[in-house]
Amino acid sequence: MATDDEPDDQSIAKQDRRESASDWMGLATLVAALCIGFVALVGLAVLGSTSTDKSIRKMGARWKRLHKLVYGLAVLALVHFLLQTKADVSLPLLFVGVFVWLMVWRSMPAGKDRSYGGLAMVAAAAAVLTLAAEWLWYR
């Protein structure tokens, strides 16, 4: 019989199950991060190998379609970076903010909206979104 100071067998078993579940979740996150990172690496290697002048000439219009995959691969790389980061997610979220800023800037039509004022507004919006994401992460 356990005394008040000693845990009984049932509480020890519950603690073991909680630790086991947390170990499995950590392992699942690690495996997911590694798989996502590997897919991004292979995709970027393919894009890099088809970036030569000879490949561009040989592929023609298909080259441009293939190289639009870089946006999705960048998102995968950012997800990989976030999953690999254990405690301080400041740097991955900063990279996410820069990526969002670049994608919004790229999607804006050329002309008045792409002035220095538009650039400053997009940068401010990306910074606010990055700060909000970090605040939600640590909340």
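A polar contact is a pair of N or O atoms within 3.5 Å; within protein, one atom must be able to donate a hydrogen and the other to accept it, and residues adjacent in sequence count only if both atoms are side-chain atoms.

First, the ground rules. This is a predicted model, where local features need pLDDT of at least 70, side-chain atom pairs count only at pLDDT 80 or more, and totals for chains, interfaces and linings use all residues. Residues are numbered from 1 along each chain as its sequence is written, and side-chain values use heavy atoms, with hydrogens and water left out.

Now the overall layout. The protein chain has six helices and zero strands. Helices here are DSSP runs of H or I with at least four residues, strands are runs of E with at least two, and numbering starts from the N terminus. From that end, the elements run α-α-α-α-α-α.

How much of the chain is buried? Of 139 residues, 16% count as buried. Buried means under 20% relative accessible area, exposed means over 50%, and partly exposed is in between, with a 1.4 Å probe and protein chains only. The accessible surface of the chain is about 10,600 Å², and 68% of that belongs to carbon and sulfur atoms. Those areas come from the Shrake-Rupley method with a 1.4 Å probe; for residues, only the protein chains shown count as cover.

Next, contacts, meaning heavy atoms within 4.5 Å. Take the contacts between residues at least 6 apart in sequence: 51% join residues at least 24 apart.

Start at helix α1, residues 9-49, where L30 sits. L30 is partly exposed, at 37% relative accessible area. L30 also belongs to a nonpolar surface patch with W24, L27, V31 and L34, and together they have about 490 Å² of accessible area. A patch takes residues with over 30% relative accessible area and no salt bridge; like charges are joined within 9 Å, and nonpolar side chains (Val, Leu, Ile, Met, Phe, Trp, Tyr) within 5 Å. A salt bridge is a side-chain nitrogen of Lys or Arg within 4 Å of a carboxyl oxygen of Asp or Glu.

On to helix α2, residues 53-59, and the serine I promised: S55. Is S55 buried or exposed? S55 is buried, because its relative accessible area is 17%. Its side chain makes a polar contact with the side chain of T52, at 3.0 Å. Not counting residues up to four places away in sequence, S55 touches S49 and T50.

Helix α5 has 18 residues and reaches 26 Å from its first C-alpha to its last, close to the 26 Å expected at 1.5 Å a residue. That expected span is 1.5 Å times one less than the number of residues. The buried residues of α5 are P92, L93, G97, F99 and W105. They pack against α4 (69-84) and α6.

Helix α6, residues 116-138, has 23 residues and reaches 33 Å, close to the 33 Å expected. In α6, G118, V122, A126 and T130 are buried. An α-helix has 3.6 residues a turn, so residues three or four places apart point the same way. What covers the buried residues of α6 includes α5 (90-107).

V122 is buried, because its relative accessible area is 11%. Leaving aside neighbours within four places in sequence, V122 is in contact with W101, V104, W105 and M108. V122 and M108 are 14 residues apart in sequence and 10.0 Å apart in space, C-alpha to C-alpha.

T130, also in α6, is buried at 13% relative accessibility. With neighbours within four places left aside, T130 is in contact with L93, L94 and G97.

And V128? V128 and G97 are 31 residues apart in sequence and 8.8 Å apart in space, C-alpha to C-alpha.
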